[in-house]
Structures are given as structure tokens and as C-alpha cells.
Amino acid sequence: MSSQNIEITLPDGSVRSYPSGVTGMQIALDISEGLARNVLAAKVNDEVWDADLPILSDSRVALLTWKDQEGKSTFWHSSAHLLAEALESLYPGIQLGIGPAINSGFYYDVDFGDLELSADELPKIEARMVELAREKNTYQRTDVSKQDAIAYFKEKKDKYKLELIEDLDDGTISFYKQGQFTDLCRGPHIPHTGFIKAVKLLNVAGAYWRGNENNQQLTRIYGVSFPKQKELLEHLALLEEARKRDHRKLGKELELFAFSEKVGMGLPLWLPKGTRLRERLEEFLRKAQVKAGYEPVITPHIGGKNLYVTSGHYEKYGKDSFQPISTPHEGEEFLLKPMNCPHHCEIYKVRPRSYKELPLRLAEFGTVYRYEQHGELHGLTRVRGFTVDDAHIFCRPDQVKEEFLKVIDLTLFVLKALNFEKFVAQLSFRDPEDHEKYIGEDAVWERAEREIAEAAAEKKLETVTEYGEAAFYGPKLDFLVKDALGRTWQLGTIQVDYNLPERFELEYIGSDNQKHRPVMIHRAPFGSMERFIAVLIEHCGGNFPLWLSPEQFAILPISEKYHAYAETLYKAFVEKGFTGSVDHRDEKIGRKIRDAEVNKIPFMLIVGEKEEQAQLVSVRKHGTGDLGQMKWAEFIEMMQKEIEVELKYN
RNA sequence: GCCGACGUAGCUCAGAGGUAGAGCGCUUCCUUGGUAAGGAAGAGGUCACGGGUUCAAAUCCCGUCGUUGGCUCCA
């Protein structure tokens, strides 16, 4: 025991002095008992430690609780151990793979041998976990030699753990034990199992040992846990809400899109209502792009194979793409286009370009086809044919930053107009360790990365920087958007590209009368129409803003007698550019209202004798209820005003 | 692609060796009804597809297609 004092710097900047060997928990106790009760782990100099590990030298220390993401991760990792303990007690003889924390919960991979675990058994396992948690067993860390570690798992006959130990260096191996269960683990863990008050095992799935399909398949049990029962209930409610908002379900119910086995998997069919929605989005962006100086272009759905040999896509993706189609007699080969950029490069090249006409911004809602593996397909978010709200900006190197700023503006405009208020911009830069993976000169990259960062900073974007996430051809700025349920989606992207201008030998004549190479910026504020609409559907739960709604109004006559009046109204609304319908069915008004509500139609107009006589409409708003009567012209104004407000950024 | 689950009427689903069921929707009739489901009748199915086992298959077995949960977020 050293009598020496060390200095502990807390996150608020305050510095406290403690004897060397003080633990995170002791510091917490010193600050307040309440804090101590909630401490899950300690972050010491950016490394997460067990709260009871002695701190030996001057350090920055943050005490992690449930409020911290790292606290949650530690909590879930410890929960995974608890799951393993429960499984071992219920199914002796099983072998364990790995059991990490994940974004939202944890899993454990288990080899049950000949045993088949069905989802029906999960509640039993949960109950066992809760039972074990109540024992408040501490998670005890022991450092072990490689030899001892091997001996332990040989005895236990756990081949997976033995394989893991093989790859570890002697002297770096540790075990954690809670209750009767010991696991190979680097840690850290929460102080004791008693923190885990609520557990839910969510599903069972197959997963390969080490993610390699040639390896043994293990049973993966996913779960989530919380320090309070209430938080579990809230989490489950959120999952339930996510199920309700699933774009595949709503897409079917609201008749937005469909799939057909005959057309082919991953090839969406846009139904009339979905098309209306999508075209409104496209129109919205088209208008914004015209203002921002883009020029629309249109290119074919296929391109000569040579085009993609030049672009490099053939070499890189050729094998994993739809195979070339060929002409019947000459055998010329064409590829379904997987990207729009090569076509746009050819547009750039139709004639020599002067520096004076740069930046040249070519925009196209270009449909592309990419082969995705069977198992990768998912609703509209992973498909084989989709439309990119693509544009390529050809500019001089000195214009990159300026263009980036403009593209950021456009992207923010789009996100705001669609009520995506929360997002972070991810700066995807080169892996600093390995510049070999990337093409282009260091100086050019450094400049581009600096300028992207500056542009993001100037726009006051909240950013995260990810090294190694750049494309091989240039750095990116990706928009990670949070939806109404707090889930993150990568939508828009802006990418700098030095590769294609090189490969296509793009040039412009500079003011020095010399040839120069332009820089290309790829950008797509939506990303793809399919994916964006999927996210939009889930974000708003199918309750689209009025301007996007495929059916903006439904006129509901009280009875047949008022059909003529309903028709007059219908014509007037359509005249003003709104879409909707008249419910001619021989049903009572309650029924018509119910069906319109179920179909999430923003405005219902009930018309009967009173309305017809005074040229009124009774307005009912979806999800809100009766708004009372008004002149039908006033109603049109009301809709127009609502759309104006929705598009206030326009 | 690999593993598991699933595929029955337009939709949501029940049925588990013995000739196909419900609710909603659809059609027709009655009803002309004022803010979330009026009543009656009717039509609608090669039980995904192809083989096999069986006296008999939607049901059991094999294959194909499709849908779906997963397939390192590294002890």
C-alpha cells in the first residue's frame, strides 16, 4: 500500500487528491452516496475500468452510470455474463462462444450441442437470470496465466473459449467470476449482478462462430436489460411502436408499394399512392436544385461494359453484379447501371470545358441496379433496383469547399423540411495508418479533408470523425439521421472523388490556358428514394405531412343526396392541385370517417344538408377530430397555409 | 450465399393424415344514416411450386421459389 497521493481530475475539471490505489467506487462514495449507488464503471484516462480497480497514478476519472453509453455497454456486457450463468445452470454441458454488449442490449453465442433451443424457453431463462441477479453476486476479476486459462477451459471442455485463448498473449488474460460462473473476459463489469433489475430475451438466431460460414453455427440469444423495470417497459413499448411503424407493414396497408415474386425479389413496384408521394419528394428536390444551380440530365438504364471498365466498377464489382446483357447478333455487352457517375462523366466530356463554366452540377434521379445477396434484402431499405437522387458536381480544386457548403445547405434544407431534426454529420476520413488503400495524392486528400471539416464546422454541424471510413476514391460527409423513435439511419451523403476524373481523363482549360483535372463531388441528400421513403414512413408512422400525403382529403357525403355537392367540391380542390377522393359508398358517416382515419387521410370533409345549403364543409382532421364548419374556399386556404408552414424553409 | 422460422381467400390469421375455416375486404339487396365498424345474402382457395411416402397429404419427407429473424457491434 502506497502512502503516496495521486491527483484525480474529474470531468468538470475539478481536481481531488486521493491515496494511490483509490478505486472509482471510493471516489464516487466521496462525492455522494447517491452517485456511488449508481456507479457502473469508471472511465480512467479514456479507458473503461471496473469501479473497484485501484487507480495508481494521476488520472482523469469519469464515473459511469446508466446515463453514459459506456455505462450502458458495461451493464449489458455484464448482463451477457448473467445470461451465460443462467444458461449453464439450466443446460449443463453447453459450450459458450462470445457474449458482447451491442448497441441496444447484448447477446451470447451458445453451442447447445444436440439440444434445440426454442423461443418458448426464453421466459424460463429470463426468470433464472432475474433470480441470479437478486443474489447480488460481484463480478470478480482475476488475472490468469495463459497456461491456467487453457487448463480451466480444457477441464470445462469449451473449445470456443480455448480457441479464443489461443490468440491471446500470456499476461493479458483475465477471468471474471460471478456466482458459480467464470468466463474468459477482458472486462470491465458492473460491481454486482443486483444492478440488473429487468431482463428481456428478445430472439434467437443462428450465428457462425467468428462470423465465418464455414464454422460451426451457434445459437445466438439476443437480450436487453435495465436497472429499472420501468425502463424495460418503455423499451418494449418502443419496440412495439417500431413494429407498428414498420414501413413494410404500412406500405402494404396504405398501398404505397408492393413486391411481386414474378417481377423479382428486391424490385419494388410503386403503387399509385406511393408514386404520388415519391414524385412529390422528387419535385421538391428538383425545385430546390434548380435554385441551387443544378442542371437536370437523363441517362439510360444500361451502359456499355467498357464504360464500367473505364470507371473501374467492372473490375471491382463486376463479379458481384448482375451479369452483362448482350445484343443478339453482335454480342456487344451492356451492364445494368450500378452507378450514375460514369454516364455523367461522359456528359462532362461531350465537349471541352472551360474553368469559367465550373462548377458544373449535373443532377438526375437515376435508377440503378445492384446485385444484393438474397439474405441482405429488406423491404425498401435494401433492394436490387433503386433510384438515387444523384448529382455530380464537377469543380476546380479551389471550389471544393464552397461546393461542400452549398451541398450541406441543400441537405439541411431537405432534412428540415421533412422534420428530421436530429442528426450528426460523420466525417469519413482516411485511415491514417494506411494511405496505400486510397488513390490520390496526400496533399490533395489533406486539403479535401480539412475543407470538409471546415465546411461542417462553418455550418455548425454536430460531427463525429471516423478514420478509415472514407471511400477509396475520396473522403465523405455522411448524414446520420435520428428518426422519431431514436433510431439512426444513414441517409444523405456527400463524397469527394479524385478517382473518376482521373480514369475518365476529365479536363478543363484553366485561366492559364493549361489543361487541369477537375474534382468530382457525388452527393445525394435523400440517399435513395426507396430507402429515404422507408425511413420517412417509419419516422412519421405513415402520417405524412399534408404536402406529401398521397390522399390529402376525403369528401364524405352524409348520404347519396349530397353526392353532387361533393363532386363540385372535389373538382374545386383538384383544380387547386390537391389530391383526394369522394367516398360514394352506401355507408353511414361513422363508417366513412373510420375508414378515412385508418387510411391516415389528413382532412375529412363531411358534407350533408347544412353544408350544401350554406356552401360549407365540416372539417375533421386526422388524429385531431372535428374542426367545425367553414366555407369551402376557406378550407382550401387552410390547406395551402398548412403546406406553406410545412415548407417554410423553401 | 449460409442457418432457423414461415408461406392456407385480396388482407390478418386458425386448422396439423380422412375431401377447406373465421374476421375484415369484395359483389348484390335492404337501409338515406351527422363525426372511428347498420343489416342480410353471395362470390371468392391446385392450402407457394415440383417431386416422394400413404388406400388417402394443406398436414409427413425431399427439392425449388418467395417472405422473414440472424450471420464479430470481436473474450
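Predicted model: local features only at pLDDT ≥ 70, side-chain atom pairs only at ≥ 80, totals over all residues.
Colleague: How many residues does α14 have, and what does it span?

Modeller: Helix α14 runs over residues 442-458, which makes 17 residues, and from its first C-alpha to its last it reaches 24 Å, close to the 24 Å expected at 1.5 Å a residue. Following the helix is K460, which has a positive phi, near 55°.

Colleague: Switching topic: which strands does β34 pair with, and in what sense?

Modeller: Strand β34 (residues 616-621) pairs with strand β33 (residues 603-607) in the antiparallel sense, over 4 bridges, and with strand β35 (residues 625-631), again in the antiparallel sense, over 6 bridges. To give one position for each pairing, K621 in β34 stands opposite F603, while S618 has Q629 in β35 as its bridge partner.

Colleague: What about the turn in the hairpin of β34 and β35, how many residues are between the strands?

Modeller: There are 3 residues between the strands of that hairpin, and G623 takes a positive phi near 80°.

Colleague: Now G24, where does it sit, and is it buried or exposed?

Modeller: G24 belongs to helix α1 (residues 24-31), and it counts as buried because its relative accessibility is 1%, against a cut-off of under 20%.

Colleague: Which residues does G24 touch, leaving aside those up to four places away in sequence?

Modeller: With those set aside, G24 touches A42, A51, L53, I55 and L63. As for V61, which is 37 residues from G24 along the chain, the C-alpha atoms of the two are separated by 7.7 Å.

Colleague: Last one: how is chain A divided into domains?

Modeller: Chain A is divided into domain 1 (5-65), domain 2 (70-239), domain 3, which is made of 257-298 + 358-540, and domain 4 (553-646). Between the C-alpha centres of domain 1 and domain 3 there are 44 Å.

Conventions:
Residues numbered from 1 in each chain as written. Chains lettered and ligands numbered in written order. Heavy atoms only, no water. Domains from an automatic or database assignment. Pairing = 2+ DSSP bridges. Helix = DSSP H or I, 4+ residues; strand = E, 2+ residues; numbered from the N terminus. Expected span 1.5 Å × (residues − 1). Buried < 20%, exposed > 50% of the residue type's maximum accessible area, 1.4 Å probe, protein only. Contact = heavy atoms within 4.5 Å.
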